[in-house]
Amino acid sequence: PLKVWGIQQQLSVPAVYNARHRLFRQHYSNTRLQTEAFRLSLMKEVELSWAEVAYLTALSRAYAGLDSSLQRFAGAAAQSYAAGASNQLESLSASLRQQAMAMKVKETRQALSIAGRRLLTLMNSPEEVPLQTGEYLPFTPDSLRPGDSLSLLLLEADYLTAVRRHKLERY
């Protein structure tokens, strides 16, 4: 008995290889475009979130100033009522305005906290955003680290896979 060792290789029609090459090239292009679109959308979301945090910070400061003024006014109205110089309606009105402003201050601070957490989530930043004290600088794309976004990392992995398939198909 004669033992023969050999290798078999199936060769497809060249049109199949060309079609597969075009398919991988299209997948490569699609993945590259998806990655770029996601990066731009992430930057837009961060810009909007950054602007929201800056707006809410300014609004919170303005409301805090109004609240302190209304507290002083409500105190003066209560003293004026106690002295008999004004009626109870004016005193109660000033007190209610101050309480309404205190509620607005509280709501604004809660909204600021939520917006700050959303901004941190979008930027995937371990640092805390100074919500109360710091001045906000204008957003620049350099302050965003898009490579840290999990969704973008997955898209980039898909992109690299498409690149490797494309290179493999070329050889």
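**Figure 1. Overview of the chain.** The secondary structure of the chain consists of three helices and zero strands, where helices (H or I, at least four residues) and strands (E, at least two) are DSSP runs numbered from the N terminus. Along the sequence, the pattern reads α-α-α. The model is predicted, so local features need pLDDT of at least 70 and side-chain atom pairs count only at pLDDT 80 or more, while totals for chains, interfaces and linings use all residues. Residues are numbered from 1 along each chain as its sequence is written, and side-chain values use heavy atoms, with hydrogens and water left out. Of the 171 residues in the chain, 26% are buried; buried means under 20% relative accessible area, exposed over 50%, and partly exposed in between (1.4 Å probe, protein chains only).

**Figure 2. Confidence along the chain.** The predictor's confidence in each residue is given as pLDDT, from 0 to 100. The chain has a mean pLDDT of 79, and 78% of its residues reach 70 or more. Where pLDDT is low, the predicted coordinates should not be read in detail.

**Figure 3. Packing of α1 and α2.** Two packed helices are described by the angle between their axes and the distance between the axes. Helix α1 (residues 14–83) packs with helix α2 (residues 88–123) at an angle of about 160°, and their axes are 7 Å apart. That angle makes α1 roughly antiparallel to α2. Axes are lines fitted to C-alpha atoms, for helices over the stretch in contact, and angles run from 0 to 180 degrees between N-to-C directions; under 35 degrees counts as roughly parallel, over 145 as roughly antiparallel, 65 to 115 as roughly perpendicular and the rest as oblique. By class, the contact of α1 with α2 has 25 nonpolar, ten polar and eight charged residues. Here Ala, Val, Leu, Ile, Met, Phe, Trp, Tyr, Cys and Pro count as nonpolar, Asp, Glu, Lys and Arg as charged, and the others, Gly among them, as polar.

Figure 4. V53 lies in helix α1 and is buried because its relative accessible area is 0%. V53 and L112 are 59 residues apart in sequence, and their C-alpha atoms are 6.1 Å apart in space.

Figure 5. T31 belongs to helix α1 and counts as buried because its relative accessibility is 1%. Between the C-alpha atoms of T31 and D158 there are 6.8 Å, although the two are 127 residues apart along the chain. R164 is found in helix α3 and is exposed, with a relative accessible area of 59%.

**Figure 6. L89 in helix α2.** L89 has its place in helix α2. This residue, L89, is exposed because its relative accessible area is 64%. L89 and A77 are twelve residues apart along the chain, and their C-alpha atoms are separated by 9.9 Å.
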